[in-house]
Amino acid sequence: MAEQTPMPSTDATQNDRRTLLRTAAGLVLAWLTPIRAGAQSPGPTVAAGDLLVRVGDASLIPLTPDDVPFDGRALLVWPLSGDTARDNTPLNKIIVARLNPAGLSEATRARAVDDIVAYSAVCTHSGCDVDEAIGESQTLYCSCHGSTFDPRDSGLAIGGPAPRALPPLPLKLEGGRLVVAAPFLTTPGFGV
Ligand code: FES
């Protein structure tokens with residue numbers, strides 16, 4: 001005679017339901033809470049004279065203009081002080097992009113090197129990193145909730161929920177390398 005599969009007990013079924021509900025609630029919470037830069041981080045410490053190094057580059061090779069792509073991709077970078085990346089706070093994270101010179105505002109052009117501009121990488125809406133794609137639109141996008149910024153015009157917020165511009169970071173060229181010319185012009189972080 002074939003064995004009958006035992007039915008799960010009511011307790012087990014209720015436990016399964018509770019686990020499922022807890023998992024679903026956790027997923028919703030995670031969706032509502034993007035990776036927030038700065039919620040409990042020390043303030044930004046980017047300083048004039050810092051070099052720039054790619055996020056994830058353990059060899060800490062400072063960026064030159066030639067390292068910044070021509071193909072519509074931006075780079076996420078840290079400031080580099082001596083041989084130490086200032087990566088102790090996400091508020092130091094920077095996005096660097098090469099733009100079409102024809103579209104740059106006068107103020108942005110004055111802060112650029114070889115049509116390369118730099119901004120805080122921290123979305124001003126809720127603290128996610130902005131995406132590394134510039135593309136033909138020559139805009140920066142944050143895919144967490146769809147904010148768009150104009151790096152040709154001082155990082156202005158031009159779409160989505162972001163309440164303010166990305167803080168600009170003036171650059172200069174020294175010894176063939178990209179160097180921070182002055183700290184962020186406004187305070188990195190999110191919210192008003
Ligand atoms: S964190 Fe919400 S749009 Fe960037």
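Where is the place of L60 in relation to strand 1 and strand 2? L60 is found in the loop between strand 1 and strand 2 (75-81); helices (H or I, at least four residues) and strands (E, at least two) are DSSP runs, numbered from the N terminus. The model is a predicted one, in which local features need pLDDT of at least 70 and side-chain atom pairs count only at pLDDT 80 or more, while totals for chains, interfaces and linings use all residues. Residues are numbered from 1 along each chain as its sequence is written.

L60 has a phi near 55°, a positive value in a residue other than glycine. L60 counts as partly exposed because it has 14 C-beta neighbours inside 10 Å. Here a residue is buried if 20 or more other C-beta atoms lie within 10 Å of its own, exposed if 12 or fewer, and partly exposed in between, with C-beta atoms placed from the backbone.

L60 is also one of the residues that V53 touches. V53 belongs to strand 1 (residues 51-54) and is buried, because 24 other C-beta atoms lie within 10 Å. Not counting residues up to four places away in sequence, V53 touches L60, I61, P62, L63, V77, W78, L80 and A85; two residues are in contact if their C-beta atoms, placed from the backbone, lie within 7 Å. Between the C-alpha atoms of V53 and T64, which are 11 residues apart along the chain, the separation is 9.5 Å.

A positive phi, of about 65°, is also found at D115, which is not a glycine. D115 is located in the loop between helix 2 (106-111) and strand 5 (116-120). D115 counts as partly exposed because it has 19 C-beta neighbours inside 10 Å.
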